[in-house]
Amino acid sequence: MKKKIIVAIADGVGDRPNVELGGLTPLQYAKTPHLDQLAKEGMTGIMDLISPGITVGTDMGHLILFGNPSVNYPGRGPMEAAGVGMDLQPGDVAFRCNFATRGDNNIVIDRRAGRIRERTNELAEIINGLQIEDVTFLFKEATEHRAVLVMRGEGLSAKVTDTDPKAPNDGHPFKQALPKDDSPEAAKTARILNEFLEVIYPLMDKHDVNVERLANGQLPANFVITRGAGQFSVIDRLGEQFGYKAAVVAGEDTVLGVGRLSGYDVYKEESFTGNMDTNVRRKAEKALEMIQDHDLVYVHLKVTDVKGHDNKPFEKAQGIELFDEMVGILMENRPENTLIALCADHSTPCEKGEHSGEPVPIVISGPGIRRDKVEHYDEISCAEGAINRIKGREFVWTLLDYLEVVPKQGN
Ligand SMILES: [Zn+2]
């Protein structure tokens, strides 16, 4: 019987022995009956997303988990654009942006415009669709003070510098965009972007939203600063190539954006947060619902990574127990032919407070899957498993083999 797979991703779950946990990793410390059951019933291993010692971001990690080679990385800007639901075309140059407060002499008074949260959509509206020469500017608000800018036109390049003066440089002037190489494309992009920034300032400054903010004693969001330019080129879509249907259930825009770029259906709802209050029951239910008409469903949990960044090993262990709860719901309700795989996009060791290049534990479990002798899902136990140590791309192809979509080599 042809199989389907639900892949549960615990963001940044890999860790190191932690003094506060008596020398255990959070995965070893946490009570995880369901994860351990899967390990017991299936085969395990450890995975380097690209190769040993190479650290990846959440965007790159998911690009690989969703079946793309790392060389397809389109840059942070295009990832963010896809994350907020913008449809990119090949050649578009996308930037991550902040709404900011601009004062006299090009000074950026606040890089986050008083941490504006409301009515940024109204400000986005007056910028979106502006045209300078043959370039159209597409602009969309993201969460809080963040936004995405896309330049669409002929002969553009991502080889331009950031205009964001960067933290902690509030009170300094914003930077002019400069070409990073000698190409006419980079020169054109920088020139037109600088012109755009002068066009939007008076438009935004006198907008109702900012008049009201000033009256309330708040900083106006009268400017936009840019960073992380990336040029979009079409990336491989394995699902379309091989004829399988995949979906992504997540709360994080980055993960959803990578899913969308990969050609997968994506699902998010308000109750999916990046914290302990996220609704894992709803995530699991949605994954189970979507596996009905998809071959492959990814379901993502963020909190494990957040607690690693915050150096909170006990809370990371609690986040892992939440992951265990989500996986338990998947196990109890999965259709007969459905495998469950466990993985992560990278390690986020608490003691480092950042991502690291250490491998993450993986499991593939379900009907027909070989069983090894490993009985626990953690970094150390899984290193003794039957899958051994593989790369992210090999993990994905291993999954696709169970979907029976990978063409046979030879005859
Ligand atoms: Zn991550």
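Select Leu 24, Tyr 29 and Phe 314: together they form a nonpolar surface patch with about 260 Å² of accessible area (patch residues have over 30% relative accessible area and no salt bridge, with nonpolar side chains joined within 5 Å; areas come from the Shrake-Rupley method with a 1.4 Å probe; a salt bridge is a Lys or Arg side-chain nitrogen within 4 Å of an Asp or Glu carboxyl oxygen). The model is predicted, with local features requiring pLDDT of at least 70 and side-chain atom pairs pLDDT 80 or more, while totals for chains, interfaces and linings use all residues. Residues are numbered from 1 along each chain as its sequence is written, and side-chain values use heavy atoms, without hydrogens and water.

Leu 24 is partly exposed, at 33% relative accessible area (buried is under 20%, exposed over 50%, partly exposed in between).

Next, select the zinc ion. Asp 11 (OD), Thr 58 (OG1), Asp 345 (OD) and His 346 (NE2) are its protein donors, 2.0 to 2.1 Å away (donors are N, O and S atoms within 2.8 Å of the metal, or 3.2 Å for Na, K and Ca). Asp 11, in the loop between β1 and α1, and Asp 345, in the loop between β12 (338-343) and β13 (360-365), are 334 residues apart. Both Asp 11 and Asp 345 are buried. The site is tetrahedral, with angles of 98 to 129° among 4 donor atoms (for four donors, all angles between 85 and 135 degrees).

Finally, select helix α7 (residues 208-215), where Val 209, Asn 210 and Arg 213 are buried. On the other side of α7, Asp 208, Leu 214 and Ala 215 are exposed.

Terms used:
Patch = residues over 30% accessible without salt bridge, like charges linked within 9 Å, V, L, I, M, F, W, Y side chains within 5 Å. Buried < 20%, exposed > 50% of the residue type's maximum accessible area, 1.4 Å probe, protein only. Tetrahedral: all angles 85-135°; square planar, octahedral: opposite > 155°, others 65-115°. Helix = DSSP H or I, 4+ residues; strand = E, 2+ residues; numbered from the N terminus.
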